[in-house]
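Okay, thanks for coming, everyone.

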Amino acid sequence: MDILPDPVGSPGVAAAHPPTERRWDDNGRMPIDQDRPFRGAAGFYADHRYRISRQFAALVAARLGLDGSGRLLDLGCGPGILAERFAPYVREVVAADPEPDMLTEGRRRTLAAGITNIRYARASSTDLSAVSAGAPFRVVTIGQAFHWMRPQDAALGQLATVVEPAGAVVLIKPDVVGDPPLWQQRVNALVDEFLAGTPSGDHPSGRHDPFDELLRRSAFSVVEELSMEYDLIEQPSLVGALGPRYSISWVADRLGGRRAELEALARERFAWIDELPPQLRATLLPTAVDTVLVLGPAGALTGPAARGDTALVQRQ
């Protein structure tokens with residue numbers, strides 16, 4: 001039995017993921033689909049990826065002058081993590097992603113949470129036709145997805161056509177400070193053993209011009225950074241160590257039919273992670289840093305403490 005059954009969404013959601021047809025090769029592996037790097041990863045992404053805190057979302061919303069009116073486009077929305085964070089601050093969120101599994105997961109979780117002002121649509125940075133009817137948008141949010149939007153110059157050009165004249169594009173990245181804890185490193189090494197020798201996807205990391213050059217060429221002349229640093233309460237667990245790896249592009253496809261074998265070996269080697277005493281767990285809490293880059297024309301930043309091109313650091 002899998003240690004990590006396919007996630008069923010938020011607590012209280014009874015419906016499981018519908019089964020996905022998979023055709024394994026003779027080695028128990030499924031050929032990867034270059035066009036669907038997150039096939040099968042949506043539930044794990046929603047459950048195990050870091051996300052910005054609600055407090056930081058409120059700070060960003062205030063900084064942008066969001067007052068409950070207008071529309072927000074969450075591009076590359078995944079399972080709707082950012083869409084749900086910003087839904088209280090706008091009239092409507094249009095959450096767009098090219099991966100059908102992500103949209104299905106997002107719709108299910110949004111329904112379970114009782115949020116009524118998020119609409120999901122299949123779209124990408126190269127084809128915004130499915131969301132253009134909702135334009136112009138007050139804000140476009142992109143969370144950990146801009147590197148997938150190739151070529152980035154064209155993506156920024158497309159976004160300039162759907163943002164209000166005084167609107168903004170907000171690039172959002174939640175992260176933690178320092179190296180992963182030892183228990184996470186060991187689980188990562190085991191997953192890497194299982195992935196060795198399997199074909200990897202065409203990941204775009206590092207395959208674009210320096211970010212500052214991209215922005216200088218874009219229609220967005222104002223760039224401001226906001227960040228919030230705080231202690232992250234995270235209880236070490238074997239599920240919590242494997243889940244983030246399953247959420248990464250192509251990992252589900254590359255593991256194929258070997259996932260059960262991987263999890264059995266993980267239980268055998270790392271059951272001690274779930275048995276760590278509370279006093280030791282308390283020493284393993286990482287520090288989280290939520291960061292956004294706000295891109296916009298002059299006048300886009302209307303909220304408190306506007307400083308043009310300077311960095312604004314808020315600490316909780």
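**A proline to begin with**

So, Pro 136 comes out as partly exposed, with a relative accessibility of 46%. On that scale, buried is under 20% relative accessible area, exposed is over 50%, and partly exposed is in between, using a 1.4 Å probe and protein chains only. Before I go on: this is a predicted model, where local features need pLDDT of at least 70, side-chain atom pairs count only at pLDDT 80 or more, and totals for chains, interfaces and linings use all residues. Residues are numbered from 1 along each chain as its sequence is written, and side-chain values use heavy atoms, with hydrogens and water left out.

Back to the proline. The peptide bond from Ala 135 to Pro 136 is cis, with omega near 0°. Pro 136 sits in the loop between E3 and strand E4 (137-143); helices here are DSSP runs of H or I with at least four residues, strands are runs of E with at least two, and both are numbered from the N terminus. What does Pro 136 touch, leaving out residues up to four places away in sequence? Val 162, Val 163 and Glu 164, where contact means heavy atoms within 4.5 Å.

Gln 144 isn't a glycine, but has a positive phi of about 50°. Its relative accessible area is 30%, so Gln 144 is partly exposed.

Now the helices. H10, residues 259-270, has twelve residues and spans 16 Å from first C-alpha to last, close to the 16 Å expected at 1.5 Å a residue (that is 1.5 Å times one less than the number of residues). Its buried residues are Arg 259, Leu 262, Glu 263, Ala 266 and Phe 270. Down the axis of H10 these fall within an arc of 95°, so they line one face of the helix; the arc is taken from the directions from the helix axis to the C-beta atoms. As a reminder, an α-helix has 3.6 residues a turn, so residues three or four places apart point the same way. What covers that buried set includes H1 (42-48), H6 (182-195), H8 (238-246) and H9 (251-255).

H8 has its own buried set, Leu 238, Ala 241, Leu 242, Gly 243, Arg 245 and Tyr 246, and they pack against H1, H6, H9 and H10.

How many aromatic pairs does a search of the whole structure find? One. The ring centres of Phe 44 and Tyr 246 are 5.2 Å apart with planes at 65°, so the pair is edge-to-face. The rule takes rings of Phe, Tyr and Trp (its six-membered ring) with centres within 6.5 Å; planes under 30 degrees apart are stacked, over 60 edge-to-face, the rest tilted. Phe 44 is in H1 and Tyr 246 in H8, 202 residues apart. Phe 44 is buried at 3% relative accessible area, and Tyr 246 is buried at 2%.

Last, the core. The largest nonpolar core has 31 residues, and Phe 56, Leu 64, Phe 86, Val 170 and Val 292 have the most contacts inside it. A core here is a set of buried Ala, Val, Leu, Ile, Met, Phe, Trp, Tyr and Cys residues joined through side-chain atoms within 4.5 Å. The largest share of this core, five residues, comes from H2.
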